[in-house]
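Dear colleague,

Please find below the structure that I am handing over to you.

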Amino acid sequence: MQILSNATVAIMDEESTGYRLVERASIVIEGDRIAWVGADADLPTAYRSAHAEDLEGLLVTPGLIDCHTHVVYGGDRAREFEMRLEGASYEEIARAGGGILSSVRNTREASEEELLELALPRVDTLLDEGVTTLEIKSGYGLDIASELKMLRVARRIGELRPVHVVTTWLAAHALPPEFKDNRAGYIDQVVIAGMDQGHAEGLIDAVDGFCEGIAFSVEEMARIFAHAKGLGLPVKLHAEQLSDLHGAAMAAEHGALSADHLEYLGADGIAAMAKAGTVAVLLPGAFYTLRETKYPPIQALRDAGVAIALATDSNPGTSPLTSILLTMNMGATLFRMTPAECLRGVTRNAARALGLADRGIIAPGARADLAIWDIRHPAELSYRIGFNPLYARIFGGKYD
């Protein structure tokens, strides 16, 4: 057992729309769980004789959660970024070997060890900013062997680092060249067949897809989701990023954990998400990198009571972002979210987006994943730019 005392604690539970900030507070940890939290003066008698670590007013929040990432991939697209800024068109970049297919080629060619070596520095950067739970998607292999290779690397990251990794099958990310004239064949022979294999190997925690005119249709994704649900796998969807295909509404009808991006989300999608409890995961890094001008319907989501999460969308092309703190600042400055909404977006709402009920809050029974910050008020986490005030990180009840 350990006790943290004289802390400023942002509880972030469901009883408040704000931080529910408790000053001069104690947190009692037993094993990997929180046993008690509250004001120092109310500490139960049973704990009063135990040694307590005085945090001298430091802020404690739940460990942060990055609920949408693509951190496992081969190569990079820095030269493509440069070409675009030099005036090259999408077609010119594609002819030069750029675009998502360059990431596919590099990911297919890389070994598991090479992918792991590339991914770990990205993951370490996130952990250094207080992340304790991390979602990692496949999606840059686009064949069964390469997609499963990505998820094996994701599982290894969770073994090598003090972070809980949630894996997501995203074979329905793009159509590879070898199936350019056989969409149904790709869905059958790679997306669904690979899902079966990955599920049998225990590599898949959830199933995702990219529903867009340049990717997969609502009807195609509904078929993939039906198969996932038959395996007992939860689903989520990249939806309404570039146009409103009503993918979010379809995903909600399938009980999706989340619909992500959502710049072009319409009223029907919002209503369906509210009814199903589907979380809206906003990705300001992609909005920023693509220089989007169409904002997600933040106020309409608020009005409907849809939970809003934030994530880095860390990927090689449209969001080469590995800072959850900068993501929070972007949520505030670009999307006009409040600092409390931003912190909820990377704690309790991000946990909901992953189907994890035991984290993202500081409450008895919750997992003891905590971030301790050398600041006095949580608004600083969204306010500052390029500043990391992390003092310590506790994962499963242990300092790391």
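Predicted model: local features only at pLDDT ≥ 70, side-chain atom pairs only at ≥ 80, totals over all residues.

Residues are numbered from 1 along each chain as its sequence is written, and side-chain values use heavy atoms, with hydrogens and water left out.

**Annotated binding sites**

For "binding site", an unreviewed UniProt entry lists His68, His70, His238 and Asp313. These residues span 246 positions in sequence, yet no two of their C-alpha atoms are more than 12.5 Å apart, so they gather at one spot. UniProt positions are given in the numbering used here, feature names are shortened, and annotations may be inferred rather than shown by experiment.

Histidine 70 is found in the loop between strand 6 (64-66) and helix 1 (78-85); helices (H or I, at least four residues) and strands (E, at least two) are DSSP runs, numbered from the N terminus. At 2% relative accessibility, histidine 70 counts as buried, where buried means under 20% relative accessible area, exposed over 50% and partly exposed in between (1.4 Å probe, protein chains only). Leaving aside neighbours within four places in sequence, histidine 70 is in contact with residues including His238, Asp313 and Asn315; contact means heavy atoms within 4.5 Å.

Histidine 238 belongs to strand 10 and is buried as well, at 4% relative accessibility. Its side chain makes a polar contact with the side chain of histidine 68 at 3.3 Å. A polar contact is a pair of N or O atoms within 3.5 Å; within protein, one must be able to donate a hydrogen and the other to accept it, and residues adjacent in sequence count only if both atoms are side-chain atoms.

UniProt also places the feature "binding site" (unreviewed entry) at Tyr140, Asn315 and Gly317. Although they span 178 residues in sequence, no two of their C-alpha atoms are more than 11.2 Å apart, so they gather at one spot. Tyrosine 140 lies in the loop between strand 7 (131-137) and helix 5 (144-160) and is buried, with a relative accessible area of 3%. Asparagine 315, in the loop between strand 13 (308-310) and helix 12 (324-333), is buried at 4%. Not counting residues up to four places away in sequence, asparagine 315 touches His70, Tyr73, Tyr140 and Pro320. The side chain of asparagine 315 also reaches the backbone nitrogen of threonine 318 at 2.7 Å.

**Glutamate 240**

Glutamate 240 lies in the loop between strand 10 (236-239) and helix 8 (247-253). Glutamate 240 is buried yet has no salt bridge, and the nearest side chain of opposite charge, lysine 294, is 12 Å away. Here Lys and Arg count as positive and Asp and Glu as negative, while His and the chain ends are not counted; a salt bridge is a side-chain nitrogen of Lys or Arg within 4 Å of a carboxyl oxygen of Asp or Glu. The side chain of glutamate 240 does reach the backbone nitrogen of glycine 247, at 3.0 Å.

**Helix 9**

In helix 9 (residues 267-276), the buried residues are Gly269, Ile270, Ala272 and Met273. Seen down the helix axis, they fall within an arc of 165°, so they line one face of the helix; the arc is that of the directions from the helix axis to the C-beta atoms. On the other side, Ala267 and Lys275 are exposed. The cover over the buried residues includes helix 8, strand 11 (258-261), strand 12 (279-282) and helix 11 (298-304).

**Salt bridges**

The structure holds 27 salt bridges. One of them joins aspartate 369 to arginine 367, with the closest N and O atoms 2.8 Å apart. Aspartate 369 is buried at 3% relative accessible area, and arginine 367 is buried at 13%. Both belong to a network of salt bridges that links Asp32, Arg33, Asp358, Arg359, Arg367 and Asp369. In another pair, glutamate 86 bridges to arginine 79 at 3.4 Å between the closest N and O atoms; glutamate 86 is exposed, at 55%, and arginine 79 is partly exposed, at 45%.

With kind regards
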